[in-house]
Amino acid sequence: MKITVLKVGTAMLLAGLVSAAFAADEVFTTQDGAIRGYDPVAYHEDGKAVKGDKAITLTWNGAEWHFATTEHRDAFKAEPERYAPRYGGYCAYGTANGYKVSTDPHAFAIVDGTLYLNYNAAVQTTWNGDRTTYIGTADRNWQKLAHTAYVPGPAVSSGSEEPAK
């Protein structure tokens, strides 16, 4: 009886850890937080990338989000899907090509009220060339990619591992 309870308990613990790992991979996160610690609401309200304050945070979708103001945090809390970047903040172009790639907070666009981030300015330029097609393809791919593990690496040829800050 004790062995069975121990096995069930261990299985439940492992299932919870795996589930948490997949939830965390749904959002691009670094040691600075989701989307490198930038305020997702600022893209919509201020039209630019604004670094969030480490003292103004909210946990959502398995990640810690940072905000420049308490008003931005409260707006995100009320409507996270409105403000969160599409594809969990992973590169929109990479997602269209079938993989998760890190993003540069300054390589962004708001399209029809949705925030999209890209790996760097060069990738952003390519993505801008045919946004509608890339978004459609990425939307289909995200259904498969959302719950896959993120493996950092140079998936996009850009000459550098991570974008400049």
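The model is predicted; local features need pLDDT of at least 70, side-chain atom pairs count only at pLDDT 80 or more, and totals for chains, interfaces and linings use all residues. Residues are numbered from 1 along each chain as its sequence is written, and side-chain values use heavy atoms, with hydrogens and water left out.

Start with confidence. pLDDT is the predictor's confidence in each residue, on a scale from 0 to 100. The protein averages 85, and 78% of the residues score at least 70. Two stretches need care. Over residues 4-23, pLDDT stays under 50. The model has five contacts beyond four places in sequence for that stretch; a contact means heavy atoms within 4.5 Å. Residues 155-165 also stay under 50, with 25 such contacts.

Now the interior. Nonpolar side chains in soluble globular proteins tend to be buried together. Here a nonpolar core is a set of buried Ala, Val, Leu, Ile, Met, Phe, Trp, Tyr and Cys residues joined through side-chain atoms within 4.5 Å. Buried means under 20% relative accessible area, exposed means over 50%, and partly exposed is in between (1.4 Å probe, protein chains only). The largest nonpolar core has 20 residues. Tyr87, Cys91, Val111, Tyr116, Trp127, Ile135 and Trp142 touch the most other members. H5, S5, H6 and H7 each supply at least two residues of this core. H7 gives the most, with four residues. A second, separate core has 17 residues, including Val41, Ala49, Tyr83 and Ala84. Helices (H or I, at least four residues) and strands (E, at least two) are DSSP runs, numbered from the N terminus.

Look along H7 next. This helix covers residues 131-145 and has a kink of about 25 degrees, centred on aspartate 139. The bend at a residue is the angle between axes fitted to the seven residues ending there and the seven starting there. The buried residues of H7 are Ile135, Ala138, Asn141, Trp142 and Leu145. They pack against helix H5 (92-96), strand S5 (104-111), strand S6 (114-118) and helix H6 (121-128). Take tryptophan 142. Leaving out residues up to four places away in sequence, tryptophan 142 touches Glu26, Arg86, Tyr87, Gly88, Tyr90, Thr95 and Lys100.

Alanine 92 gives a view from H5, the helix in which it is found. Alanine 92 is buried, with a relative accessible area of 1%. Beyond its neighbours within four places in sequence, alanine 92 contacts Tyr87, Tyr116, Leu117, Asn118, Trp127 and Ala138. Alanine 92 and asparagine 118 are 26 residues apart in sequence, yet 5.6 Å apart in space, C-alpha to C-alpha.

Move to the strands. S3 and strand S4 (residues 63-67) run antiparallel and are joined by five bridges. Two strands pair if DSSP finds at least two bridges between them. Threonine 57 has histidine 66 in S4 as its bridge partner. The hairpin of S3 and S4 has two residues between the strands. Asparagine 61 of this hairpin takes a positive phi near 55 degrees.

Most residues other than glycine have a negative phi. Two further exceptions sit in one loop. Isoleucine 35 lies between S2 and H2, with phi near 40 degrees. Arginine 36 lies in the loop between S2 and H2, with a positive phi of about 60 degrees. Isoleucine 35 is buried at 1% relative accessibility. Arginine 36 is buried too, at 8%.

Finish with charge. Side chains of opposite charge can pair when their charged atoms come close. A salt bridge is a side-chain nitrogen of Lys or Arg within 4 Å of a carboxyl oxygen of Asp or Glu. The structure holds four salt bridges. In one, lysine 51 pairs with aspartate 32, with the closest N and O atoms 3.9 Å apart. Lysine 51 lies in the loop between helix H2 (40-45) and strand S3 (53-60), and aspartate 32 in the loop between strand S1 (29-30) and strand S2 (33-34), so the pair ties together parts that are 19 residues apart in sequence. Lysine 51 is partly exposed, at 39%. Aspartate 74 pairs with arginine 73 at 3.2 Å. Aspartate 74 is partly exposed at 40%, and arginine 73 at 24%. Arginine 82 and glutamate 79 meet at 3.3 Å, N to O. Arginine 82 is partly exposed at 43%, and glutamate 79 at 39%.
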